[in-house]
Amino acid sequence: MFAGTPAVAVPTLERLHASDHEVVGVVTRPPAPLGRKRVLTPSPVAEAAARLGIPVIDAARLDTEATERIAALRPDLGVVVAYGGLVREPLLSTPAHGWINLHFSALPAWRGAAPVQRAIIAGDAELGASVFRLVPELDAGDVYASRTRPLDPGETAGAALESLAATEAGLVLEVVDAIAAGTAIATPQAGEPSFAPKLGIEDGRIDWTRSTAEIDARIRGVTPEPGAHTEVDGTRLKVLDAAPAPDAAEAPRLGPGELRLDRKRLLAGTADGAMELRRVQPAGRSAMPAADWWRGLGVERADAR
């Protein structure tokens, strides 16, 4: 049985479906209203399952009804990738081999809903992935397999998740193969855990009094969701793309949050340098090059807060 909802879960579903194992069913969150017209849209996993011809169970939570429907399919193993809800008893014990979960961190680091985002914001040099056995406690089960890779310079959370979703689908299949063969070994998590709660809108607020490195990590960690933002003249401005100014020492010295155009690029001052704003989205308007937005303001300088 496969449980997942967003696009990052699709590569694992596809990999399992193409393997020697039978995916007897998929459980995913119900269709959600998307876009300006709020059209009810199936989850990416539901769409993938329909394309692959796999039965789908829409469930906002894994309650008694969902448990009975899953049990009727008599799965040997449950596989979870970002379903968006907790698997509790008696569902935990319904498959003969229990449930495993692909989590995008090297556990016990960054247990929780936003491991990649929190790792980037914290300035970690590496990202990880773990396949572990689900237990009642959050992300605390024994680990079957885990590996890490360097965080690429300038990599956003969205790009990192897309990359990990593709590469670590193979890690899940390795574990499923080992469980089927009776050779899988899970080891208890070692070390002090850290936690990665879901991000909110305020997590995307830029504090220009921080260092350039901290601000860069913050922006990349919240891109694309919930998104980085600041305020200019009391109006919210989304920062869609930005990077440390490579030659900030040669640019005019800016105070934290001070905005100026320098050689056709828009700079924002930080505690120790400047960020180059490349693409922004003013409230109620479409995304645009930051320099174009600035020229439209018709001012020489402004302050972001």
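User: Is Ala-3 buried or exposed?
Analyst: In this predicted model, Ala-3 is found in strand 1. Its relative accessible area is 1%, and the cut-off for a buried residue is under 20%. Ala-3 is therefore buried.

User: Which residues does Ala-3 touch, not counting those up to four places away in sequence?
Analyst: The C-alpha atoms of Ala-3 and Gly-78 are separated by 7.5 Å, although the two residues are 75 apart along the chain. Leaving out residues up to four places away in sequence, the residues that Ala-3 touches are Val-27, Val-79, Val-80, Val-81, Tyr-83 and Trp-99.

User: In which sense do strand 1 and strand 2 pair?
Analyst: Strand 1 covers residues 2–4 and strand 2 residues 26–28. Phe-2 stands opposite Val-26 in strand 2. There are two bridges between these strands, and the sense of the pairing is parallel.

User: Which strands stand at the edges of the open sheet?
Analyst: Seven strands make up this sheet, with mixed pairing and the order 5-2-1-6-7-8-9.

User: What angle does the direction of helix 6 make with that of strand 9?
Analyst: The twist of the sheet averages 15° from one strand to the next. Helix 6 packs on this sheet and touches strand 6, strand 7, strand 8 and strand 9. With the direction of strand 9, that of helix 6 makes an angle of about 160°.

User: Is helix 1 parallel or oblique to helix 6?
Analyst: Helix 1 (residues 10–17) packs against helix 6 (residues 169–181) at about 45°, and their axes are 8 Å apart. Angles under 35 degrees would count as roughly parallel. At this angle, helix 1 is therefore oblique to helix 6.

User: How many nonpolar residues are in the contact of helix 1 with helix 6?
Analyst: Helix 1 contributes Pro-11, Thr-12, Arg-15 and Leu-16, while helix 6 contributes Ala-169, Gly-170, Val-172, Leu-173 and Val-176. By class, two residues are polar and one is charged, and the number of nonpolar residues is six.

User: Which residue in the turn between strand 10 and strand 11 has a positive phi?
Analyst: Strand 10 (residues 228–232) pairs with strand 11 (residues 235–244) in the antiparallel sense over five bridges,. Ala-228 has Val-239 of strand 11 as its bridge partner. The two strands form a hairpin with two residues between them, and the turn residue with a positive phi, about 55°, is Asp-233.

Note on methods. Residues numbered from 1 in each chain as written. Predicted model: local features only at pLDDT ≥ 70, side-chain atom pairs only at ≥ 80, totals over all residues. Heavy atoms only, no water. Buried < 20%, exposed > 50% of the residue type's maximum accessible area, 1.4 Å probe, protein only. Helix = DSSP H or I, 4+ residues; strand = E, 2+ residues; numbered from the N terminus. Pairing = 2+ DSSP bridges. Axes fitted to C-alpha atoms, helices over the stretch in contact; angles between N-to-C directions. Parallel < 35°, antiparallel > 145°, perpendicular 65-115°, else oblique. Contact = heavy atoms within 4.5 Å. Nonpolar A, V, L, I, M, F, W, Y, C, P; charged D, E, K, R; others polar.
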